[in-house]
Amino acid sequence: MAAKSRVPVSRMIRMPQPATKVSLTGIKPTGEPHLGNLIGAIRPALKLAEEYDSIYFIADYHALTSERDPAAFRHYTRAVAAAWMAAGLDPDRTIFYRQSDVPEIFELTWIMSCVTGKGLMNRAHAYKAARDRNVEAGEEPDFGINMGLYNYPVLMAVDILMMESDVVPVGRDQLQHVEYAADIAGSFNHLYGSSYRFTIPEAIIPEADTAHTVPGIDGRKMSKSYDNTLPLFLPENQLKKLVRRIPTDSTPVEEPKDPDSSTVFQILEHFATPEVIADTRKRLEAGGVGWGELKNQLFEVLNAELAPLRERYTELMEPGSDLDKYLAEGAAKARERAGRVLRSVRGAIGIDG
Ligand code: TRP
């Protein structure tokens, strides 16, 4: 594969190469893919795929803890997979699959849940937040909380450990889950490490999730939960309308403007070239450029960038497109890796054959 072909031939002959490290992430299909996903998750993960052996998957069974509409579940699963491929994921380089196509994950989930403390799950942020909301609303603490939500961190740990992942690119909100995966791996290794040891994973938080968050059309962080996203694959005219809706202040056209307090400018910063960004900043600070003009510019930049992706996405979303073939091939590769790990684990715990 590409990473290996960069190794000079002389070195390949002289000594065995250390195995390339594995980058893995899961994508929960809970909504239409948006600009924040592209900048904050998809692009950083695709960048890592240049250096690491990459394993990326659609975490559909994680979405099931909250998704109750089968048609929506099916649609988002395909839409998110198609978005990653349209954005440039190369299925020859990256193992790309649907979690639910790899039954080994669910067998390992039981095994790992037997070495995981219940107290650890009680302290998980997402579960604790759901309980706090209930208590605040005067309900029973566990009202409406299903076991899927409670066990979520174990399933996620298994996603990570099953593929012997070294690094896990995730948003900040997922940091605890990756730490739990490391903890759970540690418990297993402590008990059975003389026969099989899991790799201890580490989270990588992309910059767009720390310093340079992508703002949504209301200026807060772009997120499905705020309903402020710019969906990636809107038809051109709808994208234009949405960009026009981004609120701006009432500074008159002639007056100088502060680029850094403008949501429109901040979104532009994630897409335009450094030259265009610097030039736009200058023009805004000089005065004479209205917000309407800046919005037109943002739309043009976004549209130029997204048009080819939109076209590829639309093809992949057709029934019977190559998307299903790619996912099936990815699942076969994932199952082979998972099968190897599961056989070792079964042997280690005392289940032979
Ligand atoms: N919990 C993650 C999220 O909500 C999705 C996910 C599931 C994941 N399994 C994973 C991420 C394994 C990284 C690794 O975004």
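Select Arg-123 first: leaving out residues up to four places away in sequence, Arg-123 touches Lys-128, Gln-176 and Tyr-180, where contact means heavy atoms within 4.5 Å. Arg-123 sits in the loop between helix H7 (118–122) and helix H8 (125–136); helices (H or I, at least four residues) and strands (E, at least two) are DSSP runs, numbered from the N terminus. Is Arg-123 buried, partly exposed or exposed? Its relative accessibility is 48%, so Arg-123 counts as partly exposed; buried means under 20% relative accessible area, exposed over 50%, and partly exposed in between (1.4 Å probe, protein chains only).

The model is predicted, with local features requiring pLDDT of at least 70 and side-chain atom pairs counted only at pLDDT 80 or more, while totals for chains, interfaces and linings use all residues. Residues are numbered from 1 along each chain as its sequence is written, and side-chain values use heavy atoms, with hydrogens and water left out.

Next, colour the two domains. The protein chain is divided into domain 1 (9–212 + 319–349) and domain 2 (233–315), with bounds that come from an automatic or database domain assignment. Their C-alpha centres lie 34 Å apart, and 15 residues of domain 1 are in contact with eleven residues of domain 2.

Now select Leu-35, Trp-84, Phe-96 and Leu-230. Among the 57 residues of the largest nonpolar core, these four touch the most other members; such a core is a set of buried Ala, Val, Leu, Ile, Met, Phe, Trp, Tyr and Cys residues joined through side-chain atoms within 4.5 Å. Helix H14 gives the most to this core, with eleven residues. Each of domain 1 and domain 2 supplies at least three residues to it. Centre on Phe-96: beyond its neighbours within four places in sequence, its contacts include Tyr-56, Trp-84, Leu-89 and Tyr-326.

Finally, select helix H13 (residues 274–286) and helix H14 (residues 291–317), whose axes come within 12 Å and cross at roughly 170°. Axes are lines fitted to C-alpha atoms, for helices over the stretch in contact, and angles run from 0 to 180 degrees between N-to-C directions. H13 and H14 are therefore roughly antiparallel to each other, a term for angles over 145 degrees. At their contact, Val-276, Thr-280, Arg-283 and Leu-284 in H13 meet Trp-291, Glu-293, Leu-294 and Gln-297 in H14.

Note on methods: Parallel < 35°, antiparallel > 145°, perpendicular 65-115°, else oblique.
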